[in-house]
Amino acid sequence: MTTDQTLAPLRSTHSMPVVFGAGAAIGVLGGMIGLGGAEFRLPLLISLFGFAALSAVILNKAMSLVVVLTALPARLAAVSASELAAHWPVAVNLLAGSLLGAWAGASWAVRMRSSTLYKVLAALMVLMAAALLFTHFSTLGTLDLPLGAQVPLGVAAGFGIGVVAAIMGVAGGELLIPTIVLLFGQNIKTAGSLSLLVSLPTMLVAFARYSRDGSFAVLGTNRHFALVMVAGSITGAVLGGLLLGVFPDVVLIPALAAILLVSAVKLAQHG
């Protein structure tokens with residue numbers, strides 16, 4: 001069992017305008033790059049608001065879940081439900097691995113020593129920075145694999161993504177979208193919506209596993225904190241969407257990747 005529960009503050013003492021503003025800033029970043037921003041929220045929960053690693057992961061997971069629930073209906077305006085239904089085998093293929101991965105990842109997270117969890121989170125943030133750069137600066141084609149190879153690779157990729165999403169408390173879109181494009185040949189728009197369909201049940205499974213651990217109590221203790229930050233995140237995401245294209249990707253994406261890398265270094269030192 002990790003010792004995070006004894007290290008985490010019982011309740012955040014930061015003012016709600018600060019919490020809302022932090023959530024809004026994260027939402028703007030996420031909105032401008034088409035993601036939820038949870039990868040930026042996690043280091044903020046640890047560095048600025050003083051939550052220990054596992055507590056921050058659980059809070060991040062709760063807020064990511066709300067953001068996904070909000071984003072999914074909005075995405076239906078761009079990609080219809082009937083169009084998504086036509087690609088249900090893709091979602092099922094990935095879910096076959098991601099649900100198991102989410103349970104395994106959450107199980108590993110609650111059993112890790114705090115110092116180990118900080119280092120794992122740092123390594124995963126480096127992975128997220130690499131995925132961010134790859135997704136935005138690479139021309140994503142398709143691997144054109146036969147079904148016999150595509151299905152097991154989809155399960156394996158889903159498992160890995162489920163583990164990462166559970167340990168970091170993120171939705172996993174940074175990894176799901178390029179996987180869906182490369183492995184299943186979907187366009188970016190459809191891949192974005194399918195990633196939400198995979199993320200939602202994957203996060204619920206991770207939540208179910210975390211709820212069995214005593215550290216889950218941090219969510220009830222800081223419920224108001226989480227709701228205020230979610231409100232800020234959703235507000236910021238709308239603004240970020242409106243600012244889409246104002247900052248060129250060639251400047252914005254490397255800057256955000258650098259933020260993730262700096263955060264990774266700080267988390268590793270924290271551990």
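This is a predicted model: local features need pLDDT of at least 70, side-chain atom pairs count only at pLDDT 80 or more; totals for chains, interfaces and linings use all residues.
Trainee: Which secondary-structure elements does the protein chain have, and how many?

Mentor: Start with the inventory of elements. The protein chain has 13 helices and zero strands. Read from the N terminus, the order of elements is therefore α-α-α-α-α-α-α-α-α-α-α-α-α.

Trainee: What share of the residues is buried?

Mentor: Buried means under 20% relative accessible area. In the protein chain, 52% of the 271 residues are buried. The exposed surface comes to about 11300 Å², with carbon and sulfur atoms supplying 72% of it.

Trainee: What share of the contacts joins residues 24 or more positions apart?

Mentor: Count contacts with a separation of 6 or more, then take the part from residues 24 or more positions apart. In the protein chain that part is 86%.

Trainee: How many positive and negative side chains are there, and how far apart do the centres of the two sets lie?

Mentor: The protein chain carries 12 positive and 7 negative side chains. The centres of these two sets lie 13 Å apart.

Trainee: How many aromatic pairs does the structure hold?

Mentor: Look at the distance between ring centres, then at the angle between the planes, where over 60 degrees counts as edge-to-face. The structure holds three aromatic pairs. One of them, F49 with F225, is edge-to-face, at 5.1 Å centre to centre and 80° between the planes.

Trainee: Where do F49 and F225 lie, and what does their pair tie together?

Mentor: F49 lies in the loop between α3 (38-47) and α4 (53-75), and F225 in helix α12 (residues 223-242), so the pair ties together parts 176 residues apart in sequence. Both F49 and F225 are buried. Ring pairs also link F49, F51 and F225 into a cluster.

Trainee: What kind of pair do F207 and F216 form, and is each residue buried or partly exposed?

Mentor: The ring centres of F207 and F216 are 5.6 Å apart with planes at 85°, so this pair is edge-to-face. F207 counts as buried because its relative accessibility is 11%. F216, at 22% relative accessibility, counts as partly exposed.

Notes:
Residues are numbered from 1 along each chain as its sequence is written. Side-chain values use heavy atoms; hydrogens and water are left out. Helices (H or I, at least four residues) and strands (E, at least two) are DSSP runs, numbered from the N terminus. Buried means under 20% relative accessible area, exposed over 50%, partly exposed in between (1.4 Å probe, protein chains only). Contact means heavy atoms within 4.5 Å. Accessible areas come from the Shrake-Rupley method with a 1.4 Å probe; for residues, only the protein chains shown count as cover. Lys and Arg count as positive and Asp and Glu as negative; His and the chain ends are not counted. The place of a charge is taken as NZ of Lys, CZ of Arg, CG of Asp or CD of Glu. Rings of Phe, Tyr and Trp (its six-membered ring) pair if their centres lie within 6.5 Å; planes under 30 degrees apart count as stacked, over 60 as edge-to-face and the rest as tilted.
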